[in-house]
Amino acid sequence: MDVKLIRASVQDAETIWKMQLRAFAPLLEKYQDTDTSPGCEPLDKVIARLEQDFSYYYLIEQGGEIAGAIRVVVPPEGFKRISPIFVLPEHQGKGIAQAAITAAEELHGSSGWELGTIRQEPRNCYLYEKMGYRRLDREMVINDRLTLVFYEKP
């Protein structure tokens, strides 16, 4: 899989934001989680993340096209975090997310990771488990349709 991560800057904020809204729109419609969904975040929230010293945004390029983005949070102490990762609908189901996570782990180290995902989305859970992340006993109920589950890769 020819996937590259391209470090994003504040100049890429609007591109990332528009892709994020589009990529998360089906999940937002399905789960109606307007308070927590990246599918309805304002542009200024993406800009603020891009400006954080401990935050690394990457555009995911596949076959010469931008297919999505991944953000890696590397705090001074504790686990690194993927939040968010998304692939545009027309590029989903091609192994791009898996390749992007592998590339992020190559850049930032293969251990000491954590992330959260939607329990009701078995494909997401399967992806992380296949990549060596183990599910924790912690959950967060967002609404009657959506529960977040958490994973780590120590």
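This note covers the nonpolar cores and the salt bridges of a predicted model.

1. Main core. The largest nonpolar core holds 25 residues, and Ile-70, Ile-101 and Tyr-133 have the most contacts inside it. At least two residues each come from strands β1 (3-7), β2 (55-62), β3 (65-73), β4 (80-87), β5 (113-118) and β7 (147-153), and likewise from helices α3 (96-108) and α4 (122-130). Helix α3 gives the most, with 6 residues.

2. Ile-101. With neighbours within four places in sequence set aside, Ile-101 touches Ile-70, Ile-82, Ile-85, Leu-127, Tyr-128, Met-131 and Tyr-133. Two of these partners, Ile-70 and Tyr-133, are named with Ile-101 as having the most contacts inside the core.

3. Second core. A separate core of 13 residues is also present; among its members are Ala-13, Met-19, Val-46 and Leu-50.

4. Salt bridges overall. The model has 11 salt bridges.

5. Glu-114 and Arg-81. These side chains meet in a salt bridge with an N to O distance of 4.0 Å. Glu-114 belongs to strand β5 and Arg-81 to strand β4, so the pair ties together parts 33 residues apart in sequence. Glu-114 is partly exposed at 25% relative accessibility. Arg-81 is also partly exposed, with a relative accessible area of 24%; the cut-off for buried is under 20%.

6. Arg-119 and Glu-139. Here the side chains form a salt bridge at 3.1 Å, N to O. Because Arg-119 sits in the loop between β5 and α4 while Glu-139 is in strand β6 (residues 134-141), this pair ties together parts that are 20 residues apart in sequence. Arg-119 has a relative accessible area of 36% and is partly exposed. Glu-139 is partly exposed as well, at 41%.

7. Arg-134 and Glu-152. The closest N and O atoms of this salt bridge are 2.6 Å apart. The pair links distant parts of the chain, with Arg-134 in strand β6 and Glu-152 in strand β7, 18 residues apart. The two ends fall into separate accessibility classes: Arg-134 counts as partly exposed at 45%, whereas Glu-152 is buried, with a relative accessible area of 13%.

Definitions and conventions
Residues numbered from 1 in each chain as written. Predicted model: local features only at pLDDT ≥ 70, side-chain atom pairs only at ≥ 80, totals over all residues. Heavy atoms only, no water. Core = buried A, V, L, I, M, F, W, Y, C linked by side-chain atoms within 4.5 Å. Buried < 20%, exposed > 50% of the residue type's maximum accessible area, 1.4 Å probe, protein only. Helix = DSSP H or I, 4+ residues; strand = E, 2+ residues; numbered from the N terminus. Contact = heavy atoms within 4.5 Å.
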